[in-house]
Amino acid sequence: MGNSMNDKLVKEFKELGNLYENLGLNQHASDKHIKKAFQKLAIRYHPDKNKAPNAAEIFHRLRVSYEILTDPERKKQFDSYLATQKEHQTRVLEANTQRSTFAKDLLSREQDHMKRKEQTDRDTLFQDIKRKEERAKERKNLEEELKRREEEEQRKFAKAKDWELNSVKIKWKKTGAAYSKDMLRSIFGVYGMVTNVVFIEGKSKGFVQFEKREQAIKAYEDFNSGEAGFDDGLKVKLVKKVSDFEKKSKVYGATAPSGGLDLTVNKSTIERISSFYNYDSNAYVDDYSRELKRQAERDRLIAEALKQHQ
C-alpha cells in the first residue's frame with residue numbers, strides 16, 4: 001500500500017512540477033512567504049477575474065501547490081521527492097560527464113593515431129618520391145652518358161672521310177636465316193679485319209666495315225660471282241659513295257661505327273641499359289654493358305683473392 005501511495009505521489013509531483021517555482025519561490029521560503037505568494041497569484045489567475053483560456057488550469061496548479069506546501073507532512077514528502085530528483089539529476093550529470101570525458105579521450109586518441117598514420121604515410125610517400133627521383137636522375141645520367149658517347153663516336157666518324165668506302169651493304173630475307181653481328185664478322189672475316197657491323201633498326205639490312213677498301217671490294221666481288229661459296233639469301237653491295245651510308249643513317253638511325261663499338265641511342269637501347277642498371281638478370285645487355293659487368297666481376301674476384309691472402 002505504501003509503495004502504491006508513493007507511486008501515486010511521484011506521479012502527482014511529476015505532473016505538478018516544482019511547487020515552489022509554481023508560486024515563484026525557492027525551496028527555503030517560509031510559510032508566510034508561501035501564503036503571501038499564493039494570495040497574490042490567486043487573485044491574478046482566478047477564473048472569475050482572468051478570462052485567459054488556461055487561467056483555470058493555472059489557478060488549479062497554484063491551489064494544489066499551496067495546499068501541499070502548507071501541509072507539513074505532504075510538504076516533507078515533496079521535499080524528499082525533490083531531493084531524490086536532484087540526486088538523480090546529479091548522478092545523470094556525472095555519468096554524462098564521464099561519458100563525455102571518455103568520448104573526448106577516445107576521440108583524442110583516434111585523432112593522435114590518425115595524425116601519426118598520416119605522418120607515416122607522408123614519410124613513406126616522400127621516400128617513394130625520393131627514390132623515384134633518384135632513379136630518374138640515375139637514368140638521366142645514363143642517357144646523357146650514352147648520348148655523350150654517341151656524339152663522341154659521331155665526331156670520330158666525321159673525321160674519317162672515307163671509312164664507309166671500306167664497307168659493303170648487306171641485305172637478307174626476313175623469312176630466311178637470322179644473322180647476328182658475330183655471325184657476319186665470321187662470314188666476312190675471311191676477307192680481312194672487320195672493324196664494325198651495323199644493323200639498320202627494324203630492317204633486315206646493315207653494313208659491314210673492313211679495315212681496307214680492297215677487302216670490301218673483294219667481298220663484294222666474291223658474293224656476286226658466287227665464289228664466296230655462301231648461298232643463304234645474303235645479298236652484298238659495295239658502298240660507292242659517302243651519301244649511301246649517310247642517307248641510311250638519317251632514315252633508319254644507324255650509328256657511325258668506331259673500332260667495333262656500336263652505340264645506338266634510341267628508346268629500346270635505353271630500356272635495355274636501364275634494365276641492366278636495375279639488376280634485371282634476364283634483360284638484354286649490349287656489348288658495352290656486358291663489358292662493364294665483366295670488369296666489375298673481375299674486380300670483385302681480385303678483391304676476394306687479395307682478402308684471402310691478407
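Author: Two strands pair if DSSP finds at least two bridges between them. Helices (H or I, at least four residues) and strands (E, at least two) are themselves DSSP runs, numbered from the N terminus. In this predicted model, β1 and β4 pair in the antiparallel sense over four bridges, and V168 stands opposite L238 in β4.

Reader: Which conventions apply to the values?

Author: Residues are numbered from 1 along each chain as its sequence is written, and side-chain values use heavy atoms, with hydrogens and water left out. As the model is predicted, local features need pLDDT of at least 70 and side-chain atom pairs count only at pLDDT 80 or more, while totals for chains, interfaces and linings use all residues.

Reader: How is the confidence to be read, and what is the average pLDDT of the protein chain?

Author: pLDDT is the predictor's confidence in each residue, from 0 to 100. The protein chain averages 77, and 72% of the residues score at least 70. Over residues 249-285 the pLDDT is below 50; beyond near neighbours in sequence, this stretch has 69 contacts (heavy atoms within 4.5 Å) in the model.

Reader: How many helices and strands are in the protein chain?

Author: The protein chain contains ten helices and four strands. Their order along the sequence is α-α-α-α-α-β-α-β-β-α-β-α-α-α.

Reader: Which partners does β3 have besides those already described?

Author: β3 runs antiparallel to β1, to which five bridges join it; S167 has Q209 in β3 as its bridge partner. β3 also pairs with β2 in the antiparallel sense, over five bridges, and here F199 is partnered by G206 in β3. β2 and β3 form a hairpin with five residues between them, and G202 in the turn has a positive phi of about 80°.

Reader: How does one read burial in a strand?

Author: Buried means under 20% relative accessible area, exposed over 50%, and partly exposed in between (1.4 Å probe, protein chains only). In a regular strand the side chains alternate between the two faces of the sheet. Five of the six residues of β3 are buried, so β3 is largely enclosed by the rest of the structure.

Reader: And in a helix?

Author: An α-helix has 3.6 residues a turn, so residues three or four places apart point the same way. In α6 (residues 181-188), the residues L184, I187 and F188 are buried. Seen down the axis of α6, the buried residues fall within an arc of 80° (taken from the directions from the helix axis to the C-beta atoms), so they line one face of the helix. The exposed residues D182 and S186 lie on the face turned away from that side. The cover over the buried residues of α6 includes β1, β2, β3, α7 and β4.

Reader: Which residues have the most contacts inside the largest nonpolar core?

Author: A nonpolar core is a set of buried Ala, Val, Leu, Ile, Met, Phe, Trp, Tyr and Cys residues joined through side-chain atoms within 4.5 Å. The largest has 22 residues, and those with the most contacts inside it are L23, I34, I68, L69 and F78. α1, α2, α3, α4 and α5 each supply at least two residues of this core, and α4 gives the largest share, six residues. Apart from this core lies another, of 18 residues, among them I187, V194, F223 and V236.
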